[in-house]
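Trainee: Hello! Could you show me how to read the way helices pack in a structure?

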Amino acid sequence: MSKFVDTLRATGTGGRGKGFITGEPHAPLRRTWAEVHVTATELAGGLVAGGLRPGTAVAVLAADPAVIAPAVQAVWLAGGSVTMLHQPTPRTDLGEWAQDTLQVLGMIEAGLVLLGSPFDALSGVLDEHGITYRKLTDLAGEALTEPVPVDEDATALLQLTSGSTADPKAVRITHRNLMANMTAMITASKFDFEVDTMVSWLPLFHDMGMVGFLTLPMTFGIELVKVSPVEFLGGPLLWFDLISRYRGTVTAAPNFAYAIAGRRLSSVDEEGKYDLSRLRIALNGAEPIDAAAVKSFTDAGARFGMNPGCVLCAYGMAETTLGVAFAAPGDGITIDTIDADELEAGKRAVPATEGKTRAFPLLGHPLPGLEIKIVDENGDARGDREVGLIMLRGEAVTPGYLTVNGPVSTQDEHGWLDTGDEGYLVDGQVVVCGRRKDVIIMGGRNIYPTDIERAATSVDGVRAGNAVAVRLDAGTRRERFAVALESNRATDPEAVKVIKDEVAAKVVDAAGVRPYAVIVLPPGNLPKTPSGKLRRAAAGEQVAKMLAKD
C-alpha cells in the first residue's frame with residue numbers, strides 16, 4: 001500500500017477531531033475528517049462494486065467542496081487516479097467547454113466520470129458520446145473495509161495544466177510524488193497540526209487548491225475552512241471574515257487576489273472589524289509576485305493586526321506536484337534589486353541601488369528533497385547570480401505528461417526537469433525572472449513581460465492584474481510587442497486615448513522600450529485559464545488578429 005493512502009486512512013480512523021468546514025457564508029457545516037472518511041469508504045465500496053479496476057482514471061466534476069472531498073478520497077481508496085475537470089463559468093460557451101472536456105477525457109483514457117451538482121445536468125452530453133459516468137448522489141455502497149492496494153509509482157492525480165484548454169495536457173503525479181511534496185511543504189511551512197487552521201477559496205481543479213488546500217489537510221488531519229471561488233468573487237472580504245472568525249493561520253492566493261484584497265481591506269471603515277493577528281502564512285506563488293500589491297495588502301491588513309511577515313513568497317508548479325521553493329515563514333517579502341542592463345544584456349543579476357533597476361522577490365530555498373540548478377543554453381551550470389534556465393530534480397518531480405498525442409517524459413537521463421523558467425540563485429534561494437518562451441528581445445536585450453505589465457497596471461483606469469505584454473511576429477522587421485489590457489473605461493474614446501498614452505509612457509520609463517500597440521478592452525475580454533491566470537499565448541493570438549484587421 002502507498003504511504004499516501006496509509007496516511008489518509010490513518011487520519012480518517014484517528015481521533016484528533018480535526019475537520020472540514022464548508023457552506024460558508026450561508027449554511028456552514030463542519031464534519032471531522034473521520035466523518036469524511038466514513039463517507040469516502042461508502043463511496044469507495046460503491047466504486048469497487050461497480051467494477052472500478054485499480055489504476056482507472058476517474059474524472060470528477062462537482063462544485064461543492066463538501067461533496068468533492070469524500071469523492072476523491074473514495075477514488076484513492078478504490079485504487080483509481082483522480083482528475084479534477086475544469087468547471088464552466090457563466091461566461092463559458094458550453095458547446096466549446098463540452099468539446100474540450102471530451103478531448104480531456106479521451107486524453108486521460110477516463111474509465112469513469114463522477115458527477116455532482118450542478119453538473120449532473122450535463123449527463124446527457126456524456127450519454128451522447130458513450131462516456132461512463134455515475135452521479136455522486138447514487139454512488140454509496142457497502143463500506144470498503146480495506147483500501148485497494150496500489151504501489152508508490154501508481155498514478156494518484158492527473159493534474160490538468162492551466163494552459164490552453166484547446167491543447168490539453170495533464171501532469172502525471174504518482175503516490176510517491178504526492179506524499180513527498182506534501183511532506184516537504186509541511187516541513188518548510190512549520191505546520192503545527194494542533195494549532196493551524198487553513199482557510200481557502202481556491203478552485204479544486206487548480207493544483208494549489210486541490211493539493212495544498214484539500215488533499216494535504218485531509219491527509220494529515222489539519223483544520224480546514226473551504227469555500228468556492230464564487231463566494232470569494234462575490235464578496236472578497238468574506239476571505240478575511242473567515243480568517244477572523246475561525247482563527248485562520250494559513251491561507252494562499254495568486255497575486256491578483258492580494259491586490260484585490262488590499263483595496264477592499266483599505267476601504268473598510270469599521271475599526272476592529274476583523275482579527276487577522278493569527279495569520280502566520282499568506283502564501284503568494286501562483287503567478288509573478290508584485291511587491292506593490294503585497295505592500296498594499298499588508299498595509300491594509302495592519303489595521304486588523306496582520307503581521308506583514310505573514311506573506312510567504314513561493315515558487316511552485318504542477319510538475320513537482322505543487323511546491324518547489326518556499327521562503328522562511330515569518331520573513332515576509334524580500335526584494336532583490338538588480339541592474340537592469342546587466343540582466344537584459346549580460347544575463348547577470350548584479351545588485352544595484354541606482355540607475356535603471358529591476359526588482360524580484362526571493363522565493364526561498366528548495367523544499368526538502370528537491371534540487372535546483374541554473375544552466376545556460378548548452379546545459380552548462382551557471383554560478384550564483386548568473387541567469388539561466390531553471391532545472392529541478394527530486395522525488396516530487398513528475399515522471400511525465402499525458403497529452404493528446406500520447407505520454408511524454410519530463411525528465412532527462414539524469415532525472416532533471418526543464419521548467420521553462422529563467423532565473424538565478426542568491427545564496428541558494430531561487431529567483432524567477434519569467435518564462436523563457438515569453439521573453440521579448442529588443443535590440444539584443446531580454447525584456448521580461450512582467451516588467452511591462454506592472455508598468456501598465458500602474459496607470460489609473462487599468463484593472464489590476466489585467467494587462468498582458470505579448471510578442472508580435474516580426475517577420476523581416478525588428479522584434480515588436482503589444483500591450484493588451486482591460487479597463488472599465490474601454491467604451492469611452494477619450495479615456496481610452498489617455499490610457500493608451502499613459503501606458504506607453506509608463507512602459508518606456510520602466511523598460512526603455514515602446515509598445516507597437518496598446519489595446520484597451522472591456523472587462524472579461526482577456527483570455528484566462530480556468531483558475532484566473534492570464535493566458536499570454538492565447539492573448540498574443542487575439543492581439544495579432546485584432547491588429548491584422550486594423
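Mentor: Gladly. A crossing is right-handed if the near helix is turned clockwise from the far one by less than a right angle, and left-handed if anticlockwise. In this predicted model, α2 passes α3 in a right-handed crossing.

Trainee: What else describes two packed helices?

Mentor: Two packed helices are described by the angle between their axes and the distance between those axes. Here, helix α2 (residues 33–49) and helix α3 (residues 65–77) have axes that come within 7 Å and cross at roughly 55°. That makes α2 oblique to α3.

Trainee: Which residues of α2 meet α3?

Mentor: On the α2 side they are Val36, His37, Thr39, Ala40, Thr41, Leu43, Ala44 and Leu47. Their partners in α3 are Ala69, Pro70, Ala71, Gln73, Ala74, Val75 and Leu77. The residues of this contact divide into 11 nonpolar, 4 polar and no charged.

Trainee: How do the axes of α1 and α6 cross?

Mentor: Helix α1 (residues 3–13) and helix α6 (residues 175–189) cross at roughly 60°, with axes that come within 8 Å. So α1 is oblique to α6. Lys3, Phe4, Val5 and Thr7 in α1 meet His175, Leu178, Met179 and Met182 in α6. This contact has 5 nonpolar residues, 2 polar and 1 charged.

Trainee: Now for a strand: where does glutamine 429 lie?

Mentor: Glutamine 429 lies in strand β23 (residues 429–435). A polar atom of its side chain is 3.2 Å from the backbone nitrogen of glycine 364. Leaving aside neighbours within four places in sequence, glutamine 429 is in contact with Leu362, Leu363, Gly364, His365 and Tyr424.

Conventions. Residues are numbered from 1 along each chain as its sequence is written. This is a predicted model: local features need pLDDT of at least 70, side-chain atom pairs count only at pLDDT 80 or more; totals for chains, interfaces and linings use all residues. Side-chain values use heavy atoms; hydrogens and water are left out. Axes are lines fitted to C-alpha atoms, for helices over the stretch in contact, and angles run from 0 to 180 degrees between N-to-C directions. Helices (H or I, at least four residues) and strands (E, at least two) are DSSP runs, numbered from the N terminus. Angles under 35 degrees count as roughly parallel, over 145 as roughly antiparallel, 65 to 115 as roughly perpendicular and the rest as oblique. Contact means heavy atoms within 4.5 Å. Ala, Val, Leu, Ile, Met, Phe, Trp, Tyr, Cys and Pro count as nonpolar, Asp, Glu, Lys and Arg as charged, and the others, Gly among them, as polar. A polar contact is a pair of N or O atoms within 3.5 Å; within protein, one must be able to donate a hydrogen and the other to accept it, and residues adjacent in sequence count only if both atoms are side-chain atoms.
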